[in-house]
Amino acid sequence: MALYILRRLAFVPFTLLLVAFAVFIVLRLTGNPVDIFLDINRTPEQVEELTRRLHLDQPLPVQFLIFLRDLLHGDFGESLQFSGSAALVVWQRAGATLQLAGTALALAVALGVLGGIVCAVWRDRAADALVSSIAIAGQSMPSFWLGMLLIEFFALQMRWLPTSGYGEPKHLVLPAITLATILLPNFVLITRTAIIELANEQFVVTGRSKGLSRSRVLLTHILPNAVNPVLSFLGIQLGHLMAGSIVTETIFAWPGVGRLLITSISHRDVPVVEAAVFLIATIIALSNLLVDVLQMLIDPRIRRA
Amino acid sequence: MKKRRLFGKRFKLAVGGGIVVLAVLTAIFAPVIAPWDPYHQDLMVRLKPGFWSPNAVPGHFLGTDNYGRDLLSRLIYGSRLSILVGVSSMLLSALIGTLAGIIAGLRGGATEQMIMRFADAQMAFPDILLAILMVAAVGGDAINLILVLGVSRWMVYARVVFGLTRSLQQRPYVEAATLYGGRDFYVMHQHILPQVMPVLTVLATLQVAQMILQETALSFLGLGLPPPAATWGNILAEGSTRLFQAPWIANFAGLAIILLVWGVNMLGNGLREHYDPKLSGR
């Protein structure tokens, strides 16, 4: 088991190395880095400073190694639009993103699993048809449009909630609902499928035939076994969650890493872009690791495999 | 065991296929259908509502936007880019992914490890983040969007095709072809691809929906085609700044997106049930 965790842990730096490689290729090799980092109003001094900082006069492999060395030190350079190091600027926004993403994930898992159970228990009845249809339609819903509809109704028409802002719980409501809705339909459908598949397993049939009630079988036989498929799906969805967070933060002007990333791109603040991308990738890699370890703790079959 | 279902296979294929055909026709014949030039500005009729309101201006069925451009015409033209980018980027990623998956499956060993671990790593990285990064570096014209979206999704196909290739390899006829000295390309073309095709079709259809959503998301974030290009994402983004004065701009753009994406999803699910009768019970 320790060996498994170690193996998974070794995969994290590998993922991040690939991310580093991708960032390096995209931002340094697609065109002239000077053009990507600096806009048309650049001064010769800025160009010189950039050439020195990015070591553009060195051969490419050397540039990449220097890039990696700086990464290990968490050194992405100074932000161009804010004063201070890019890493610090991004780090200060991480709390807001984690708050939003965490709330949304909790909401999506709770409601999604509940919806999935309802669908599976009343399979092919009206409740299932209704919830499943909404879930499938929900998969087609662009999250940014949902966010706008929520703003239109709850903020502009009803004036119950603010359109944007940060700090109080009321500011969190609409963004969290928007972000949760991206994941919610998938959790409903995956829970439904997991339970329906388990319902045909021998231990479930045995449980029923020895006289256990339906609800008893559901609680003690099916649900514990459904945790793992849902959990492994959650691992896959973490990327979606972070991607959705970028869009949601932009709609609601939420001061998180995602919105910072988008504004930094339009300001050509490349150091901040690099730092933000790395932070998001690290969050995803570490959460995936956490999900894997959790799965192993829950399900002895994975431990033996 | 099987029970009646509210939405059967035929319903999904008919409705989904119908919406898709309608959207494609709209895109092709946009110049004929659209009542106005989508870029024609008329500042006298800025932000006018459409047919539902007494303040409507005749001729602008769905109202106008901030520059007095006809919203319906802009939406009709917008379908062109959405469908073009959606389908082309799907084809590109399907091509890369299928090749990578089959090669990894047939060769095994170090080749497999390299391709599949790379796919795993990219899987853990949100595709839109990669797309944002690339668009930020190279800019967002239509070709770039297609390339960026195509590259960001190949691993979805690679994983599925890899698994299928692995199981097909055990079949006697594939083993026989390999033992008789068939080259990788021959085995792939004659024996693997035809078997993979149904699954690929379903996957590719569903991916078109994802690509369309991704493209509108990129446009919405200001990373797609620059304004004034009439794309659904751009219209939605413009509408988002005028939710109070002119909510219809964002609403109709959103409606257009969800309708097409829903139609494509329905078609994909219908196809899946068609190819895999086992699934239609689920």
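Reader: Let's start with A:Phe64: is it buried or exposed?
Author: In this predicted model, A:Phe64 is buried, with a relative accessible area of 16%. The cut-off for buried is under 20%, so A:Phe64 falls within that class.

Reader: OK, and how many aromatic pairs are there over all chains?
Author: The structure holds 11 of them. One is formed by A:Phe21 and A:Phe64, an edge-to-face pair with 5.5 Å centre to centre and 80° between the planes.

Reader: Which parts of the chain does that pair link?
Author: Distant ones: A:Phe21 sits in helix H1 (residues 2-29) of chain A and A:Phe64 in helix H4 (residues 60-72), 43 residues apart.

Reader: Switching topic, what kind of pair do A:Phe76 and A:Phe278 form?
Author: That pair is tilted, with 5.9 Å centre to centre and 45° between the planes. Distant parts of the chain are linked here too: A:Phe76 is in the loop between H4 and helix H5 (86-121), while A:Phe278 is in helix H12 (residues 270-298), 202 residues apart.

Reader: Buried or exposed, what's A:Phe76? And A:Phe278?
Author: A:Phe76 counts as buried at 10% relative accessibility, and A:Phe278 is buried with a relative accessible area of 7%.

Reader: Back to the rings, which residues do ring pairs link into a cluster?
Author: A:Phe21, A:Phe24, A:Phe64 and A:Phe67 are linked that way.

Note on methods
Residues are numbered from 1 along each chain as its sequence is written. Chains are lettered from A and ligands numbered from 1 in the order in which they are written. This is a predicted model: local features need pLDDT of at least 70, side-chain atom pairs count only at pLDDT 80 or more; totals for chains, interfaces and linings use all residues. Side-chain values use heavy atoms; hydrogens and water are left out. Rings of Phe, Tyr and Trp (its six-membered ring) pair if their centres lie within 6.5 Å; planes under 30 degrees apart count as stacked, over 60 as edge-to-face and the rest as tilted. Helices (H or I, at least four residues) and strands (E, at least two) are DSSP runs, numbered from the N terminus. Buried means under 20% relative accessible area, exposed over 50%, partly exposed in between (1.4 Å probe, protein chains only).
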